[in-house]
Amino acid sequence: MEEVEAPPKSVHDKITDYKNMVVDAYKNKPVSYWILLLLSSAGMLIAFPASSLLSRLYFSNGGKSKWIISWVSVAGWPIPLFILLPMYFFTKASPTPLTLKLALSYIGLGFLSAADNLMYAYAYAYLPASTASLLASTVLIFSAIFGYFIVNNKINLSTINSIVVITAAMIIIALDSDSDRFSYITDTQYALGFMWDILGSALHGLIFALSELVFIKLLEGRSFHVVLEQQVAVSFFAFVFTTIGVIVNNDFHGMSAEAKSFIGGESTYYMVIIWGVITFQLGVLGSTAVLYLSSTVLAGVLNSIRVPLTSIAAVILMNDPMSGFKILSLVVTFWGFACYIYASYPLSHVSSSSSSC
């Protein structure tokens, strides 16, 4: 007698199952785990938006060097070492053997990360922080596409739907460029900022896929200390490449003159630089910890929350223009994230691979 195939689960049933999973997880994890997960989540939701706003503040208050703001993104590379090194001494973790292939992969990813940071620097130089943050959400699109071709990650209809929805949101922003552009930014500069933001997001998606490939091909397991090792190594080489660019461009020499003409004075200038270094690394550490402690789904949820948080904070703190079109784009982007999270939700595969958001 043939078995009757169970009917697909409804969204309500999936939510109920997810709630049960959360309750079971809560009971099975110690309090220290939840404290660490809470701190990591806060790192993503506070540090990343703060880093974005500081980048925009640097340019709006008189900063001009794209290389300097790129350097700020990687100058804090030793910060994860304060977590990694004690793990070698007080836990059973040991340094991963550095093979030639692994070293070359770190160097390559470091170079791509340096280029990625420079592209985003151009975006924040010419775009409002709220707009730059919305455009950067396209990294989800490129992560899905590169993940599919490089590491064979699955793409279903919900993922395709999220790609289409977020693309539509970016088109809405492009059509509203006249009300979104600062008066001192030319049409050409705005277009360049838009282009570099999208290209930076594409490169970021490629970096995600290549990093996953490194874990699959060259690293055994994805323990927390191995993830930190990769972060430290890639950030270090990105720091080296970016520092070379700053030196060649003679921007270190120009920092003192830039600080003197900075709106708010020299102390404000250096505080923006220092806190930019700290917040960016705290954001990266937070996202790394969330991915290890929980899942890519939670990281996706927090990332979807981070986009409107950054946009709202930019409007309140930096008087960013917020037109009806940008609000619509924000809502559509949030919906695109929701579709992607739905597609990534493990229980959704119980029903049908063709389910859509």
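Two residues are said to be in contact when heavy atoms of one lie within 4.5 Å of heavy atoms of the other. In the predicted model examined here, Tyr269 touches Tyr58, Ile68, Met255, Glu258, Ala259 and Phe262 in this sense, when residues up to four places away in sequence are not counted. Tyr269 also belongs to the largest nonpolar core, which holds 48 residues, and together with Tyr58, Ile68 and Ile173 it is one of the residues that touch the most other members. Helix H8, which spans residues 157–175, supplies the largest share of this core, namely 7 residues. Apart from it lies another core, made up of 14 residues and including Tyr33, Leu37, Trp77 and Leu302. In soluble globular proteins, nonpolar side chains tend to be buried together.

As regards the chain as a whole, the secondary structure consists of 16 helices and 0 strands. The chain has 357 residues, of which 49% count as buried.

The axes of helix H2 (residues 31–60) and helix H3 (residues 66–74) come within 11 Å and cross at roughly 155°. Because angles over 145 degrees count as roughly antiparallel, H2 and H3 are therefore roughly antiparallel to each other, and their crossing is right-handed. Where these helices meet, Ser55, Tyr58 and Phe59 belong to H2, while Lys66, Ile68 and Ile69 belong to H3. Two of these residues, Tyr58 and Ile68, are also named above among the core members with the most contacts to other members, and both are touched by Tyr269.

Helix H3 also contains Ser70, which has a relative accessibility of 0% and so counts as buried, since the limit for that class is under 20%. When residues up to four places away in sequence are left aside, Ser70 touches Asn117, Leu118, Ala121 and Thr242.

Charged side chains were considered last. Side chains of opposite charge can pair when their charged atoms come close. A search of the whole structure finds 1 salt bridge, in which the side chains of Arg181 and Asp187 meet at 3.0 Å, taken from N to O. Arg181 counts as partly exposed, because its relative accessibility of 27% lies between the limits of 20% and 50%, whereas Asp187, with a relative accessible area of 55%, is exposed.

Technical notes
Residues are numbered from 1 along each chain as its sequence is written. This is a predicted model: local features need pLDDT of at least 70, side-chain atom pairs count only at pLDDT 80 or more; totals for chains, interfaces and linings use all residues. Side-chain values use heavy atoms; hydrogens and water are left out. A nonpolar core is a set of buried Ala, Val, Leu, Ile, Met, Phe, Trp, Tyr and Cys residues joined through side-chain atoms within 4.5 Å. Buried means under 20% relative accessible area, exposed over 50%, partly exposed in between (1.4 Å probe, protein chains only). Helices (H or I, at least four residues) and strands (E, at least two) are DSSP runs, numbered from the N terminus. A salt bridge is a side-chain nitrogen of Lys or Arg within 4 Å of a carboxyl oxygen of Asp or Glu. Axes are lines fitted to C-alpha atoms, for helices over the stretch in contact, and angles run from 0 to 180 degrees between N-to-C directions. Angles under 35 degrees count as roughly parallel, over 145 as roughly antiparallel, 65 to 115 as roughly perpendicular and the rest as oblique. A crossing is left-handed if the near helix is turned anticlockwise from the far one by less than a right angle, and right-handed if clockwise.
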